[in-house]
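This briefing covers one protein chain, grouped by topic. The sequence and the structure come next, followed by the notes.

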Amino acid sequence: MTFRETIAFNDKPVAEGGSRIQLVCPAAVRGLVFVAVLALLLATPLRAQSLIADLSEHLVAITTGFVGVDVLLFGAVQPPNDPELAGQPPGDVVVVVRGPEGSQTLHRKAKVAGIWMNTASLTFGQVPSFYAVAASRPLQEIAEDTVLAANGIGLDHLDFDLPAAKASGPLRDEWRQGLIRAKQREGLYVPSVGQVSLIGDALFRSEVYFPTNVPTGVYQAQVFLFQDGQVVSAQVIPLSVSKVGLEAELFDFAHGQSGAYGLIAVILALVAGWVGHLIFRRD
């Protein structure tokens, strides 16, 4: 059984920018940010552990030269100031990065009279266009499956919107796994859990890679702090992925003025053919 997908996500460019952006935070600047974050946390009295996190950049700019990029997520965990909880072990940090959700149609192909054809299809709703997870320890050691599922952590716990009347039981799971495999082949669903590196007892960092075909839109970087298998603190950080420059203008024109774009494309094709005829014709 072979699955093929058709993506139906919104893809809107935003304001024009300059050349390709390098999402690199200088070491000195990162060091100052880490110190500032830690100082802020330690200045706030809390009975339970808490966290604060941020991204090195809040905009991934896609230009004609875009070749993918790593975005740094960093933060700090504040230990409890209550003397009764002073001996509490440090918690676990889990990061989930989700792309904008949308509908997606998956087609099942089978051989009919020796020819591969689409024999069935299902449309899923609320499908993240991108999904990646990183953790300070294996997820199975951090929390039970019920807790992970309640927070949508891990590919096994992604809850796609699919009416039960269309697929249920083993058939539903078969289609669901087919959709995940299709997204993994595109590089948009990271199959393995990434690493959240702990620095000392308070600081942490992790990097998320966005490939060249990353969809545009507003992403969410969800940061969870677990203690004894339960979420004790969480934060959501927005991240925008947008087309900029000439590519954004062409995209906007093609979708906003589709008739004029098609006419211009036909005229250019005719002119190119005529010029080629003049160059290569024989007297």
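A polar contact is a pair of N or O atoms within 3.5 Å, where one atom must be able to donate a hydrogen and the other to accept it. The side chains of Ser136 and Asp92 make such a contact, at 3.5 Å. The model is predicted. The chain has 283 residues, and buried residues make up 40% of them. Six helices and 13 strands are assigned. Of the contacts in the chain with a separation of 6 or more, 76% are between residues 24 or more positions apart.

- Ser136 sits in the loop between strand S8 (131-135) and helix H2 (139-142).
- Ser136 has 13% relative accessibility and therefore counts as buried, the limit being under 20%.
- Beyond its neighbours within four places in sequence, Ser136 is in contact with Asp92, Val93, Gln195, Val196 and Leu198.
- Asp92, the polar partner of Ser136, is also buried, with a relative accessible area of 11%.

**Salt bridges**

- The whole structure contains four salt bridges.
- One of them joins Asp92 to Arg137, with the closest N and O atoms 2.9 Å apart.
- This pair links distant parts of the chain: Asp92 belongs to strand S5 (residues 92-98), Arg137 to the loop between S8 and H2, and the two are 45 residues apart.
- Whereas Asp92 is buried at 11%, Arg137 is partly exposed, at 35% relative accessibility.
- Asp92 and Arg137 are linked with Glu141 in a network of salt bridges.
- Arg98 and Glu101 form a salt bridge in which the closest N and O atoms are 4.0 Å apart.
- In that pair, Arg98 is buried at 15% relative accessibility, and Glu101 is partly exposed at 49%.
- Arg205 and Glu207 meet through their side chains in a salt bridge of 3.1 Å, N to O.
- Arg205 has a relative accessible area of 24% and is partly exposed; Glu207, at 47%, is partly exposed.

**Nonpolar core**

- The largest nonpolar core holds 55 residues, and Val94 and Phe210 touch the most other members.
- Strand S12 (residues 217-227) gives this core its largest share, six residues.
- Leaving out neighbours within four places in sequence, the contacts of Val94 include Val133, Ala134 and Ala135.
- Leu139, Ile142 and Ile153 are also among the contacts of Val94, as are Gln222, Val223, Phe224 and Phe226.

**Open sheet**

- Four strands make up an open sheet with antiparallel pairing, in the order S2-S4-S11-S10.
- Strand S2 (50-55) and strand S10 (197-199) are at the edges; each has a single partner strand, so one side of each has no neighbour in the sheet.
- From one strand to the next, the twist averages 25°.
- Three bridges join S10 to strand S11 (residues 203-210) in the antiparallel sense.
- Ser197 has Arg205 in S11 as its bridge partner; Arg205 also takes part in the salt bridge with Glu207.

- Strand S6 (residues 101-112) and strand S7 (residues 115-128) run antiparallel and are joined by eleven bridges.
- Within this pairing, Gln104 is opposite Phe124 in S7.
- The two strands form a hairpin with two residues between them, and Ala113 in the turn has a positive phi of about 55°.

**Positive phi angles**

- Most residues other than glycine have a negative phi.
- Gln126 is part of strand S7 and is partly exposed, with a relative accessible area of 46%.
- Asp228, another residue other than glycine, has a positive phi near 55°.
- Asp228 lies in the loop between S12 and strand S13 (230-243).
- At 69% relative accessibility, Asp228 is over the 50% limit and so counts as exposed.

Key
Residues are numbered from 1 along each chain as its sequence is written. This is a predicted model: local features need pLDDT of at least 70, side-chain atom pairs count only at pLDDT 80 or more; totals for chains, interfaces and linings use all residues. Side-chain values use heavy atoms; hydrogens and water are left out. Buried means under 20% relative accessible area, exposed over 50%, partly exposed in between (1.4 Å probe, protein chains only). Contact means heavy atoms within 4.5 Å. A nonpolar core is a set of buried Ala, Val, Leu, Ile, Met, Phe, Trp, Tyr and Cys residues joined through side-chain atoms within 4.5 Å. Two strands pair if DSSP finds at least two bridges between them. Axes are lines fitted to C-alpha atoms, for helices over the stretch in contact, and angles run from 0 to 180 degrees between N-to-C directions.
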